[in-house]
Amino acid sequence: MSSVNKQHLDEDQLLRAVIDIKDLAAPLQGHLAGCKQCLDQKARFEADLGRIGKMAQQATPQLSKRIILPARESKKPVWAWRGWQGALAAAAVTAVLVLAIWVPIQMRSPLPGDSANLAREMQEAEQLMAEVDMLVENALPPVYNNISGETAPQLDDDFIQFLIPSIEDDPQASVPEMKGLA
Amino acid sequence: MPSNNEKISGSAVNDDQLIALVEKARDGNRAAFNQLIDRFQEAVFRMVYYRTRSHVDAEDLTQDIFVKAYQHISRIRETDRFRSWLFSIALNRVRDFHRKKRFRGLFKASDNNIDPEFPDMQTRDKPEALDHVLKAEFWQQIGLILNKLSGMEREVFILRFMDQLNIREISQTLKKSESTVKTHLYRALAKFKKESSLRRFLQEVSP
């Protein structure tokens with residue numbers, strides 16, 4: 001009997017035997033086949049590893065949900081009625097949403113251009129009213145205002161009376177005929 | 001423990017029947033795909049649960065995984081690799097889930113759905129409370145070990161000893177060579193062998 005056969009498997013060889021016995025050299029395989037001590041050692045180690053699998057399986061909960069496959073996809077062509085009808089419906093819904101949101105916004109707040117026009121029109125109206133008021137106060141054109149003295153507010157009624165006394169106040173206003181005239 | 005050459009699934013599976021179902025499903029047979037769901041949904045759910053530890057998330061992800069598989073089954077070329085193909089989809093989906101969870105965690109407090117480890121006050125005195133405690137202890141112990149493994153070591157360890165895939169299936173699922181898978185598995189086992197507390201716990205609760 002060779003020395004290899006008498007020597008038991010060391011730890012490295014034992015691990016290799018557990019992983020794959022064919023990875024051991026042939027003499028070592030021969031020894032293992034006939035050595036109760038090595039076989040027991042290998043079996044104990046494999047039993048510990050086997051318990052891991054068994055315990056892991058026991059410690060795992062059960063699958064409670066059924067696996068459901070997706071529905072088979074339709075093989076209809078792209079232009080199938082479902083396709084374009086869906087697109088049309090989506091477009092219609094989008095248009096309704098846009099209108100529903102856009103129209104109320106437009107009604108609440110006027111455009112900036114409209115406000116400018118409105119202001120201009122109001123200003124023109126005010127200007128017109130001011131001119132009307134001026135005509136009501138004094139219909140004479142400005143040129144004649146200077147002659148009429150309306151532009152000189154210090155000329156009051158007393159001064160006018162002094163310049164151009166009225167007929168009732170003039171002492172010579174009673175002579176019926178003018179002398180020298182025949 | 002399954003040997004390297006045995007194929008393990010959630011239920012007794014005849015390889016020829018499985019291949020026939022996959023071929024029908026690939027050709028658009030919805031009923032055939034539903035049969036595949038019946039055969040693999042528990043295994044996929046467990047796989048996801050081991051990596052999320054949340055019942056709610058695991059169910060949602062399992063649904064997503066089968067929907068995705070259904071959408072892509074027409075592309076499967078090797079019908080005898082359906083299991084590995086399905087688990088590959090599952091692993092990718094779980095990775096996406098964790099990535100998004102980490103990203104969301106940058107912006108808000110964590111919204112973990114992780115199942116509570118210990119029974120609440122209402123179930124504490126019930127007989128099943130002990131069962132809950134043992135399960136919680138198991139997840140705690142296995143978590144301590146898995147945290148000591150690198151990402152790849154952890155993945156091959158879980159696939160091998162919890163999901164119970166063989167080396168070839170792990171290699172196909174992860175799209176790595178078998179030698180790479182064995183290397184990572186060797187390192188994971190070397191670390192596991194040193195964890196006597198878990199081994200004692202397992203021997204006590206599951207003799």
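The model is predicted, so local features need pLDDT of at least 70 and side-chain atom pairs count only at pLDDT 80 or more, while totals for chains, interfaces and linings use all residues. Residues are numbered from 1 along each chain as its sequence is written, chains are lettered from A and ligands numbered from 1 in the order in which they are written, and side-chain values use heavy atoms, with hydrogens and water left out.

Let me begin with the interface. Chain B contributes 47 residues to the contact and chain A contributes 36 residues, where contact means heavy atoms within 4.5 Å. The buried area is about 4,000 Å², and carbon and sulfur atoms give 63% of that; this is the accessible area (1.4 Å probe) that two parts lose on being put together, summed over both.

How many salt bridges does the rule find across the interface of chain B and chain A? There are four, a salt bridge being a side-chain nitrogen of Lys or Arg within 4 Å of a carboxyl oxygen of Asp or Glu. B:Lys182 forms a salt bridge with A:Asp20, with the closest N and O atoms 2.9 Å apart. Several helices of chain B give two or more residues to the side that touches chain A, including H2 (30-52), H6 (151-161) and H8 (178-193); helices here are DSSP runs (H or I, at least four residues), numbered from the N terminus. H2(B) gives the most, with eleven residues.

I turn now to the cores. A nonpolar core is a set of buried Ala, Val, Leu, Ile, Met, Phe, Trp, Tyr and Cys residues joined through side-chain atoms within 4.5 Å, and buried means under 20% relative accessible area (1.4 Å probe, protein chains only). The largest has 69 residues, of which B:Phe33, B:Leu36 and B:Phe157 touch the most other members. H2(B) supplies the largest share of this core, twelve residues. Leaving aside residues up to four places away in sequence, B:Phe157 touches residues of both chains, among them A:Leu49, A:Ile52, B:Leu185 and B:Phe192.

Finally, consider helix H7 (residues 167-174) of chain B. Seven of its eight residues are buried, among them B:Ile167, B:Ile170 and B:Leu174. These buried residues pack against helix H2 (11-19) of chain A, together with helix H4 (82-105), H6 and H8 of chain B. Just after H7(B), B:Lys175 takes a positive phi of about 60°.

Methods. Buried means under 20% relative accessible area, exposed over 50%, partly exposed in between (1.4 Å probe, protein chains only).
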